[in-house]
Structures are given as structure tokens and as C-alpha cells.
Amino acid sequence: FHDRDGFIWMDGKMVPWREAQVHVLTHALHYGSAVFEGERAYGGTIYKSTEHSARLRRSAEYLDFEVPFTVAELDAAKAAVLKANGQTDAYVRPVAWRGSEMMGVSAQHNKIHVAIATWEWPSYFDPATKMKGIKLDIAEYRRPDPATAPSASKAAGLYMICTISKHKAERKGYADALMLDWQGRVAECTGANVFFIKDGKIHTPIADCFLDGITRQSVIAVCKTLGFEVVERRILPEELSTFNECFITGTAAEVTPVGEIGPYSYTPGNMSKVIMESYSAEVMPKSAKAA
Ligand code: PMP
């Protein structure tokens, strides 16, 4: 991945892709002091760029550091990288981390770095394949208690249990894993939020110990516009057998229907399809929508 053409924005400058490097004694590498974002550009415009820039800054505050660029500067930098790479439809990855001046748990004065990369990452599947639904394993690791970890932060360290869980799921032939929370309730996937449909209503867990995804918020708004009732509540694994449809949401996953969770199966239906299509329309830039 490191060996390709193109540009990465690093600490205010556009750097050739292969030269965007860090030292091995970087605090973030040893102690997980990094936060990141995942965004998508559609038709030349990053969907909810400002919300993502604000979340990057907030994520860093939870880790006790300040991103040394404003929301407006980050938005401009992201647009500049897309332009430099000649991309209109791409995934955008900003990351901010503590640098390498001091090595030890405490690194109060280490420089905070920011980089932004972009790459082509088409939708996981075409709509027809998507409607077959992906298969989810149920992960052993649980989302931590917010008193144990800064769970509202999109912090690199919180992804350790996600990578382990997703690898394990993939080895068993699943696409991803559904994670429970520290109290044993249904939480989210390793990089996406989860929704269920039963009797014409949408149900989704309360985002009190995991990321309240920007896609999750958009999909809730889209559902309300469509006239679907959305209930945010505590969902127990015992209930998984009672739902008719299930889908996951995230910047990378967009809206992806689920066909199986462990022993339970779902049949992606009309409601999932309408929500998936409405989200696709929602992310298109306003100018393209009007055309
Ligand atoms: N949960 C986790 C753990 C994630 O990594 C993501 C992807 N950022 C999400 C939820 C969905 O967030 P968003 O819709 O903002 O991409």
C-alpha cells in the first residue's frame, strides 16, 4: 500500500506517496495515541466533510491532544489531496498522532502530526449482490465500558479488538463480526453500525459505548423522511432471532444488508432496499442531484 503513485498531505504540505513516512519511535505506534477518520467523496464532493473534520478534532481531545489545524483547514486540505490525486470518487483517510520527541507513556510536548491520504475504494458490492446480504459472526470481544476507554473517540487503539474479531470472522467464512457491548447487549460491527427491521419499524442500539456513526445519523434521518419509525433502544442477543431484516451502516460499508448473524438468518427486503437507495441519493452532491 505504501508503494504507489500520488500524493499524501502531511503537516500542511503535499508529499509524494512513497515519502510520507514516520519514525519507528513514534509515540502513536507504541502507545496508540492516534485518531483517524474515514470519509467518502462522491462526484467530487466529500460527504459531510465538515462533520468528519470536527469529529477528528473531538476524537483527539478525548486522547488529550489538539489537532493543530482548524475544521476549515482540514476541509481544504482534504479537497486539495483529492485534486492532487485526480480523484472525484474516493475514500479519504485523515489521521492525527503524537510524534517521536519523547518515548514513554507521558509525551506532553510531542509534536502532533496530521496526514491525509485518499484512494479509490469502490462500494463493497453492486446493489444486486448487496441485496443477498452479508454473513456476520458474533465476536468474542466486547465494546468496552465508556469508563474503561474513550469509546466516543475514533481512536486507533479501539480498533485492536476489531481487527482481531474481523480476522477471526473472516477465517470462519464470515464477512464481518457483530460485537456486543460490555453489558452483553448488541452494539455494532467492527467498522459499522447495525440496524434491524421488525414489523415495519427500524431498531438500532443506543450509541452510548461505541461510535455514533455519521452514516448512522444520516440513515436515521433518511428513515424518518421515508416515514419509517426508528427506535433507539437496548437490544439483547436473544432478540436476534426475532428480526425480519438487518443492515449495517458506515462510510465504507454505506448501507449493506445482512443475510445471517451466526445461526440467525434474515431476508433483505423492500425496506432495506429503499433505505439503501435513499442513502445512495443522499450522498450525491447537491449539484449532481439537481442535474
Ligand atoms: N463504528 C465503527 C467501529 C467504525 O469504525 C465506523 C466507521 N467509521 C462506524 C461505526 C461508522 O461510522 P461512520 O458512519 O461515521 O463512518
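Reader: How many residues does helix 7 have, and what does it reach from its first C-alpha to its last?

Author: This is a predicted model, in which local features need pLDDT of at least 70 and side-chain atom pairs count only at pLDDT 80 or more, while totals for chains, interfaces and linings use all residues. Residues are numbered from 1 along each chain as its sequence is written. Helices (H or I, at least four residues) and strands (E, at least two) are DSSP runs, numbered from the N terminus. The expected span of a helix is 1.5 Å times one less than its number of residues; helix 7, residues 270-283, has 14 residues, and its reach is close to the expected 20 Å, at 20 Å.

Reader: Which residues of helix 7 are buried, and why are they on the same side?

Author: A residue is buried if 20 or more other C-beta atoms, placed from the backbone, lie within 10 Å of its own, exposed if 12 or fewer, and partly exposed in between. In helix 7 the buried ones are Met271, Ser272, Ile275, Met276 and Val283. They share a side of helix 7 because the arc they cover around the axis, taken from the directions from the axis to the C-beta atoms, is only 135 degrees.

Reader: Which exposed residues does the face of helix 7 turned away from its buried side carry?

Author: An α-helix has 3.6 residues a turn, so residues three or four places apart point the same way. On the face of helix 7 turned away from the buried side, the exposed residues are Asn270 and Ala281.

Reader: Which element gives the most residues to the shell around the ligand?

Author: The ligand is surrounded by 14 residues (C-beta atom, placed from the backbone, within 6 Å), the closest being Gly213, Ile214, Thr215, Gly250 and Thr251. Two or more residues come from each of helix 6 (214-225) and strand 14 (245-250). The most, three residues, come from helix 6.

Reader: Which residue is the bridge partner of tryptophan 97 in strand 7?

Author: Two strands pair if DSSP finds at least two bridges between them. Strand 6 (residues 90-98) pairs with strand 7 over eight bridges, in the antiparallel sense. The partner of tryptophan 97 in strand 7 is histidine 113.

Reader: Does glutamate 61 count as buried, exposed or partly exposed?

Author: Glutamate 61 has its place in helix 2 (residues 49-62). Because it has 13 C-beta neighbours inside 10 Å, glutamate 61 counts as partly exposed.
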